[in-house]
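Thanks for coming. Please have the sequence and the model open while I talk.

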Amino acid sequence: MLVKLILKHENKVIYPCIASIVLVFAVMMIVTFANTGEKTPVTSQKVWNELVTLGYEPADLTYAYNEQNSHLQKSIAIKTSSIRFDFFEFDNDNSALSLFKNSQAQINKNRNANSQDWTAHYNNYVMYSTQSDGIYYIVIRVGNTAIDAYCDSEYKSELDAILLSIDYGSSTKKIVTNNN
């Protein structure tokens, strides 16, 4: 039927069909490459500003960690009676990934049999968190940045508010598994 239509109308049908196919293909390519899902790593200045906006008093701890990793560009931290939050910005992705893996291993040492674990990962974003003995731990890596944080479980929403304010929070998770 399609062949008969094409043969009957020749140029009137074939060129619009080809144009439509090319247009659909172009739209698919644009959507695929423009929406890769990669997160843009947040800058240390934005983290500092967001922490101040949320009412915290951040501290620059770059000097304290610089001896451990010469690729560290900036380290910002807050410590309250309920939350510990450390942000690290490196000059390369591998250093951030290394910190993520080391922090995850350290968190796993504190786990018990009743721990609840969550992971999320896609493109340049990876997150691991666990709740164990009333403490909530989370470590996140986005590109050349990493976050290592923990809090009493009842303050998890406060920690989530920090993560959401810098666009590293739970609303950004693509693949989430509960590893219970």
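Phenylalanine 88 has alanine 146, in β7, as its bridge partner.

Two of the partners you can look up are isoleucine 140, which bridges to isoleucine 147 in β7, and tyrosine 137, whose partner in β7 is tyrosine 150. The turn between β6 and β7 is a hairpin with two residues between the strands, and glycine 143 there has a positive phi near 55°.

On to β5. Strand β5 covers residues 125-132, and eight bridges join β5 to β6, with the two strands running antiparallel. Valine 126 stands opposite arginine 141 in β6. These two strands also form a hairpin with two residues between them, and aspartate 133 in the turn takes a positive phi of about 50°.

How many residues of β6 are buried? Seven of the eight are, so β6 is largely enclosed by the rest of the structure.

Valine 142 sits in strand β6. Its relative accessibility is 0%, and because buried means under 20%, valine 142 counts as buried. Leaving out residues up to four places away in sequence, valine 142 touches Lys39, Thr40, Pro41, Asn124, Tyr125 and Tyr168. Valine 142 and tyrosine 122 are 20 residues apart along the chain, and their C-alpha atoms are separated by 9.8 Å.

The residue from β5 is tyrosine 128. Is tyrosine 128 buried or exposed? Tyrosine 128 has a relative accessible area of 3%, so it is buried. With residues up to four places away in sequence not counted, the residues that tyrosine 128 touches include Phe100, Gln104, Ile107, Trp118, Tyr137 and Val139. From C-alpha to C-alpha, tyrosine 128 is 9.2 Å from arginine 141, and the two are 13 residues apart in sequence.

Next, the helix that follows. In helix α6, residues 156-165, the buried residues are Leu159, Asp160, Ile162, Leu163 and Ser165. What covers them? The cover includes α3, residues 44-53, and β2, residues 72-79, along with β3, β6 and β7. Just after α6, aspartate 167 has a positive phi of about 65°.

Now for empty space. Rolling a probe the size of a water molecule over the atoms shows where such space is left. The largest pocket holds about 310 Å³. Its lining has 15 residues, and those nearest the centre are Tyr65, Gln68, Phe88, Leu99 and Ser103. Phe88 is the residue I started with, the bridge partner of alanine 146.

Which element gives the largest share of the lining? That is α5, with five residues. Helix α5 spans residues 93-109, and α5, β3 and β7 each supply at least two residues of the lining. Sorted by class, the lining has six nonpolar, six polar and three charged residues.

To step back to the whole chain, there are six helices and eight strands. From the N terminus the order is α-α-α-β-α-β-β-α-β-β-β-β-α-β. The chain has 180 residues, and 38% of them count as buried. Among contacts with a separation of 6 or more, 50% are between residues 24 or more positions apart.

Last, confidence. The average pLDDT of the chain is 82, and 76% of the residues score at least 70. The stretch to watch is residues 171-180, where pLDDT stays under 50. For that stretch the model has 26 contacts beyond four places in sequence. Where pLDDT is low, the predicted coordinates should not be read in detail.

That is what I had. I can take questions now.

Conventions. Residues are numbered from 1 along each chain as its sequence is written. This is a predicted model: local features need pLDDT of at least 70, side-chain atom pairs count only at pLDDT 80 or more; totals for chains, interfaces and linings use all residues. Side-chain values use heavy atoms; hydrogens and water are left out. Two strands pair if DSSP finds at least two bridges between them. Helices (H or I, at least four residues) and strands (E, at least two) are DSSP runs, numbered from the N terminus. On a 1 Å grid over the protein atoms alone, a cavity is a set of points where a 1.4 Å probe fits but cannot get out, and a pocket is an open set with protein on both sides within 12 Å along at least five of seven lines; lining residues have an atom within 4 Å of a point. Grid points are joined across faces, edges and corners, and a volume is the space filled by probe spheres set on the points. Ala, Val, Leu, Ile, Met, Phe, Trp, Tyr, Cys and Pro count as nonpolar, Asp, Glu, Lys and Arg as charged, and the others, Gly among them, as polar. Buried means under 20% relative accessible area, exposed over 50%, partly exposed in between (1.4 Å probe, protein chains only). Contact means heavy atoms within 4.5 Å. pLDDT is the predictor's confidence in each residue, from 0 to 100.
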